[in-house]
Amino acid sequence: MTHVLMDLPFAADALEPYISRETLQYHHGKHHATYVNNLNKLIVGTPFEEMSLEAIITSSSGGIFNNAAQVFNHDFYFNGMSNANTMPSDKMLELLTRDFGSAEAFKEKFIQMALGLFGSGWVWLSMNSNGVLVLEPHSNASNPLLSGLTPLLTCDVWEHAYYIDYRNARVDYLEKWWTLIDWDLVSRKLEAAQQ
Ligand code: MN
């Protein structure tokens, strides 16, 4: 199958001033697009050509893995943002409180983990098979599908995600990104993961 670059679920200027149109033009229009194009080139004539993105991720390595996982990761990241000022559902708040102490403690832990991630990578909130929320840093293209978790939310902490708008100030990016989380979507993913 041919993989296709997703359309952004918002206008190019919808996240301004926190994430600029210019950042999205590079991050979605160039970085994300390049991962899609590279993946499509690399799978030609291989068994991966007929597989879903998720199947490729859990069965490949090297360049095919890196590009497939980066397509998935960026789809997840861009779909997870909104300028609608959403709030976690009651169920989401209940589990954040149960597993991290409070919603505020969860935010603090998430941001500290993102600040502590050396080099390029992602911070992922997932649910494990026991219904427990799991927060993990992943380097480079890695993601929770590799360990059988159900991903709920991710933040891209590669420099290309924030360098145009925030230069080296990763913490400022993280604080602003936090206000753009689409909690309606995260809460729906939580409901689906619990079934
Ligand atoms: Mn990125």
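This report covers the sheet, the manganese site, the helix packing and some backbone details of a predicted model.

## Basis

The model is predicted, so local features need pLDDT of at least 70 and side-chain atom pairs count only at pLDDT 80 or more, while totals for chains, interfaces and linings use all residues. Residues are numbered from 1 along each chain as its sequence is written, and side-chain values use heavy atoms, with hydrogens and water left out.

Helices (H or I, at least four residues) and strands (E, at least two) are DSSP runs, numbered from the N terminus.

## The sheet

Three strands make an open sheet, ordered β2-β1-β3, with antiparallel pairing. Two strands count as paired if DSSP finds at least two bridges between them. β2 (133–139) and β3 (150–156) are the edge strands; each has a single partner strand, so one side of each lacks a neighbour in the sheet. From one strand to the next, the twist averages 25°. Angles run from 0 to 180 degrees between N-to-C directions, and axes are lines fitted to C-alpha atoms, for helices over the stretch in contact.

β1 (residues 121–127) pairs with β3 over six bridges, in the antiparallel sense. Trp122 faces Asp156 of β3. Ser126 stands opposite Pro151, and Met127 stands opposite Thr150. On the other pairing, seven bridges join β1 to β2, again antiparallel. There, Trp124 has Glu136 as its bridge partner. The β1–β2 hairpin has five residues between the strands, and Gly131 takes a positive phi near 80° in it.

## Burial of the strands

Seven of the seven residues of β1 are buried, so the strand is largely enclosed by the rest of the structure. Buried means under 20% relative accessible area, exposed over 50%, and partly exposed in between (1.4 Å probe, protein chains only). In a regular strand the side chains alternate between the two faces of the sheet. Both faces of β1 are covered. Gly121, Val123, Leu125 and Met127 lie on one side, with Trp122, Trp124 and Ser126 on the other. β3 is mostly covered, with six of its seven residues buried.

Gly121 belongs to β1 and has 0% relative accessibility. Its contacts (heavy atoms within 4.5 Å) beyond four places in sequence are His138, Ser139, Asn140, Cys155, Asp156, Val157 and Trp158. The C-alpha atoms of Gly121 and Val157 are separated by 5.5 Å, with the two residues 36 apart along the chain.

## The manganese site

Four residues supply the protein donors of the manganese ion: His27 (NE2), His74 (NE2), Asp156 (OD) and His160 (NE2), lying 1.9 to 2.1 Å from it. Their spacing along the chain is H-x46-H-x81-D-x3-H. His27 lies in helix α1 (residues 21–42) and His160 in the loop between β3 and α6 (163–166), so the pair ties together parts 133 residues apart in sequence. Donors are N, O and S atoms within 2.8 Å of the metal (3.2 Å for Na, K and Ca); water is not among the atoms, so sites may look incomplete.

His27 is buried at 1% relative accessibility. His160 is also buried, with a relative accessible area of 17%.

## Helix packing

α1 and α3 (residues 62–79) pack at about 145°, with their axes 8 Å apart. Their crossing is left-handed: the near helix is turned anticlockwise from the far one by less than a right angle, whereas clockwise would be right-handed. The contact includes His27 of α1 and His74 of α3. Both are among the manganese donors.

α4 (residues 90–100) and α5 (residues 103–116) pack at about 65°, with their axes 8 Å apart. That makes α4 roughly perpendicular to α5. Angles under 35 degrees count as roughly parallel, over 145 as roughly antiparallel, 65 to 115 as roughly perpendicular and the rest as oblique. This crossing is left-handed. Leu93, Leu96, Thr97 and Phe100 of α4 meet Ala103, Ala105, Phe106 and Lys109 of α5.

## Backbone details

Most residues other than glycine have a negative phi, and most peptide bonds are trans. A cis peptide bond joins Glu16 and Pro17, with omega about 5°. Pro17 sits in the segment before α1.

Asn85 has a positive phi near 50°. Asn85 lies in the loop between α3 and α4 and is exposed, at 63% relative accessible area. Asn140 also has a positive phi, about 55°. Asn140 lies in the loop between β2 and β3 and is partly exposed, at 43%.
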